[in-house]
Amino acid sequence: MVQVGDVSIGSGKPKICASITETDRKSIIAAADILLQKRVDIIEWRIDYYREAGHWDMVLETLQRLKMSLYGRPLLVTFRTKEEGGSQEIETAAYRELLDHIAQSGLVDMIDVEIFKDFTYEELAGDRTPEVQECFENLKQWIESLRQRVVVVGSYHNFDRTPEDAELKDRLQIIDESGVDIPKMAVMPADRLDVMRLMMFTLQMAEQMDKPLITMSMSRIGSISRISGEAFGSAVTFGSIGQESAPGQLPVNKLEEMLDMIHQNYQ
């Protein structure tokens, strides 16, 4: 279990996280006001949607306004790169500098880090060259520096397919090895079998790991994975209040009703 403010991630019902994807400060604060009226446990600011994401002074001012608006609700900040489904490109140095600034600001509770941003699966899953291992050790040290200030979610997103179980396991072990607090995997199914494979994989891994795990099967056919976390071991589910930040997200109010119904059967 990971404690973030009053929210216990990894115990009880999956926690609901809703994303803010607006492009300007006024709309971002307005979206936060709407979310506060919902039963949302965590609010995610998808900073890659923000038009001024490349200007730290603008980001900081927006963060300050957002923090005041949330009245203690946990805030997760994510810069999703284009390669993993986001809306902006960013170089590694700028990516890390931005997340460093955000962590050091003291205004956020959680930060998402893309673990495979600078690596291929083959580089990390096989026999690593000294150069690759050195780069991975550097990543681990950077993540540890972030963890001194915030909870770190280590993520992997695949919008093309659901890897085979062996690759899923390798990727999850690599994410865990990086030292993050919460591993996260979101993948695209080709069919219902892929959805069931991911849910069974999640169940097996959740029983073996000593930290919360977040998984989801994207698209409409994967929607069941977003409500079944209490049964299969995914600790957080992502919902929408308007624009989806990923395919297959359910509206927050509907998500809440379905999670409550499932939770009642576990009492």
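## Helix 6 against helix 7

The axes of helix 6 (residues 165-177) and helix 7 (residues 192-208) come within 11 Å, crossing at roughly 45 degrees. The model is a predicted one. An angle under 35 degrees would count as roughly parallel, and 65 to 115 as roughly perpendicular. Helix 6 and helix 7 are therefore oblique to each other. Their crossing is right-handed.

On the helix 6 side, D165, L168, K169 and L172 make the contact. Helix 7 brings R197, L198, F201 and M205. By class, this contact of helix 6 with helix 7 has 5 nonpolar and 3 charged residues, with no polar ones.

## Largest pocket

The largest pocket holds about 380 Å³ of space. Its lining counts 20 residues. Closest to the pocket centre are E83, E84, F116, Y156 and H157.

Two elements give two or more residues to this lining: strand 7 (151-158) and helix 6. Strand 7 gives the most, with 3 residues. By class, the lining of the largest pocket has 10 charged, 6 nonpolar and 4 polar residues.

## Second largest pocket

The volume of the second largest pocket is about 230 Å³. A set of 18 residues lines the second largest pocket. G10, S11, P212, G233 and A235 are the closest to its centre. The lining of the second largest pocket divides into 7 nonpolar, 6 polar and 5 charged residues.

Definitions and conventions: Residues are numbered from 1 along each chain as its sequence is written. This is a predicted model: local features need pLDDT of at least 70, side-chain atom pairs count only at pLDDT 80 or more; totals for chains, interfaces and linings use all residues. Side-chain values use heavy atoms; hydrogens and water are left out. Axes are lines fitted to C-alpha atoms, for helices over the stretch in contact, and angles run from 0 to 180 degrees between N-to-C directions. Helices (H or I, at least four residues) and strands (E, at least two) are DSSP runs, numbered from the N terminus. Angles under 35 degrees count as roughly parallel, over 145 as roughly antiparallel, 65 to 115 as roughly perpendicular and the rest as oblique. A crossing is left-handed if the near helix is turned anticlockwise from the far one by less than a right angle, and right-handed if clockwise. Contact means heavy atoms within 4.5 Å. Ala, Val, Leu, Ile, Met, Phe, Trp, Tyr, Cys and Pro count as nonpolar, Asp, Glu, Lys and Arg as charged, and the others, Gly among them, as polar. On a 1 Å grid over the protein atoms alone, a cavity is a set of points where a 1.4 Å probe fits but cannot get out, and a pocket is an open set with protein on both sides within 12 Å along at least five of seven lines; lining residues have an atom within 4 Å of a point. Grid points are joined across faces, edges and corners, and a volume is the space filled by probe spheres set on the points.
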